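The following questions and answers concern the packing of a protein chain. Please consult the sequence and the structure as they are shown here.

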Amino acid sequence: MAGSEPGGGRPLIITEDPLLLDDLLRLCAAAGAEPHVHHALPEQGGAAGTVGADADAEAAPGSAGWESAPLVLVGDDAARRVRGAPRRAGVFLVGRELDDPQVWQQAVQIGAEEVLRLPDAESLLVDRIADVVEGAGRPALAVGVIGGSGGAGASTLACALAVRAARAGERTILIDGDPLGGGMDVLLGGESAEGLRWPDFAASRGRVGAGALEESLPELHALRVLSWDRGDRVVVPPAAIRSVVAAARRRGGVVVVDLPRRVDEAVAEVLAQLDLVLMVVPGELRSVAAAGRVAAGVRMVARDVRVVVRGRCPGGLEPDAVAGLLGAPLAGEVPVELGLPGRVAEGEPPGTQERGALARFCDGFWQRALGSPQGVPA
């Protein structure tokens with residue numbers, strides 16, 4: 001787009017090396033970015049030619065191009081010519097032969113954040129460029145929900161958390177991490193909704209576009225859901241799962257993951273990206289014993305595990321006692337919600353009853369979690 005305004009969410013490339021330029025254009029294309037391209041910034045009293053779609057856009061030191069571009073990629077051949085540019089964040093010095101000590105001195109002189117050697121740093125550079133394109137800011141608050149024992153109600157709580165977050169105006173993605181759980185889309189009453197399911201991402205390699213992911217998923221009750229289809233495939237490679245969850249987080253807002261009780265390599269990839277895991281445990285001794293084994297596996301990967309006590313059995317354990325036996329902080333207690341199974345069977349997802357026990361717990365949880373700059377308060 002000749003004559004378009006420099007900056008505008010598009011990276012700026014500065015180099016006179018045609019081979020390096022080809023590489024950087026290729027990496028920008030892989031990240032979905034259309035860069036502004038300049039041979040080099042003019043030296044004091046001089047002028048430099050420009051190439052590319054935005055050849056007429058000015059990018060002299062101190063001009064809008066240099067200062068407003070969200071990311072500046074300076075070729076090692078052009079470093080000397082940008083030494084007079086104002087200091088700013090988001091400048092990277094890029095080249096192939098970076099063993100010369102003068103290169104590092106040049107990086108300091110132009111205020112570069114990093115010196116990147118191609119092709120070794122290609123993946124990192126694609127990620128940084130894509131972050132610019134997608135307007136990457138604060139990542140989503142990612143919360144996993146796992147049952148401490150069978151039938152604890154983890155999927156119900158995960159669904160309710162997502163529904164309440166969406167109703168509070170948060171961009172919300174609900175991820176079904178349990179291929180044998182029956183499908184979160186079913187729990188939301190949208191098993192026939194159009195959109196991609198997990199098996200569609202089985203061949204994913206490398207970075208998944210956050211915006212493309214969100215738009216591809218079924219939208220149900222003001223949230224996006226990634227569930228399993230009704231087919232036989234129940235395995236997605238861990239690398240693909242890692243890429244998809246990372247993409248979901250980059251859009252900001254809230255990500256809720258319904259987790260299976262068994263921690264394998266794929267589940268470990270999810271756990272490593274979560275800010276918090278809520279373990280749902282009925283308040284009776286046998287369930288607590290089972291939850292202890294689940295917690296041991298989860299703690300090997302997860303940073304923060306907390307207990308949610310679901311309902312109380314006659315003569316059962318107090319919530320504080322359950323948390324104490326499991327050696328984890330208590331996140332709260334969710335009483336049994338009367339009539340919930342019948343409403344779910346009629347297509348009403350958990351958490352939609354404004355005065356229900358689930359809604360009250362979830363609303364309080366999100367108020368604490370999203371209202372704290374540091375994440376979920378202890």
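Q: How many aromatic pairs does the structure hold?
A: This is a predicted model, in which local features need pLDDT of at least 70, side-chain atom pairs count only at pLDDT 80 or more, and totals for chains, interfaces and linings use all residues. Residues are numbered from 1 along each chain as its sequence is written, and side-chain values use heavy atoms, without hydrogens and water. Rings of Phe, Tyr and Trp (its six-membered ring) pair if their centres lie within 6.5 Å; planes under 30 degrees apart count as stacked, over 60 as edge-to-face and the rest as tilted. The number of aromatic pairs in the structure is 2.

Q: Which class of aromatic pair do Trp198 and Trp228 form?
A: Trp198 lies in the loop between helix 6 (184–187) and helix 7 (210–216), and Trp228 in the loop between strand 9 and helix 8, 30 residues apart; helices (H or I, at least four residues) and strands (E, at least two) are DSSP runs, numbered from the N terminus. Their ring centres are 6.0 Å apart, with 35° between the planes.

Q: Why is the pair of Phe365 and Trp366 edge-to-face?
A: Phe365 and Trp366 are both buried, that is, under 20% relative accessible area, where over 50% is exposed and in between is partly exposed (1.4 Å probe, protein chains only). The ring centres are 5.0 Å apart, and the pair is edge-to-face because the planes stand at 70°.

Q: Is Val235 buried or exposed?
A: Val235 lies in the loop between strand 9 (223–226) and helix 8. Because its relative accessibility is 56%, Val235 counts as exposed.

Q: What percentage of the residues of the protein chain count as buried?
A: The protein chain has 13 helices and 13 strands. Of its 378 residues, the buried share is 53%.
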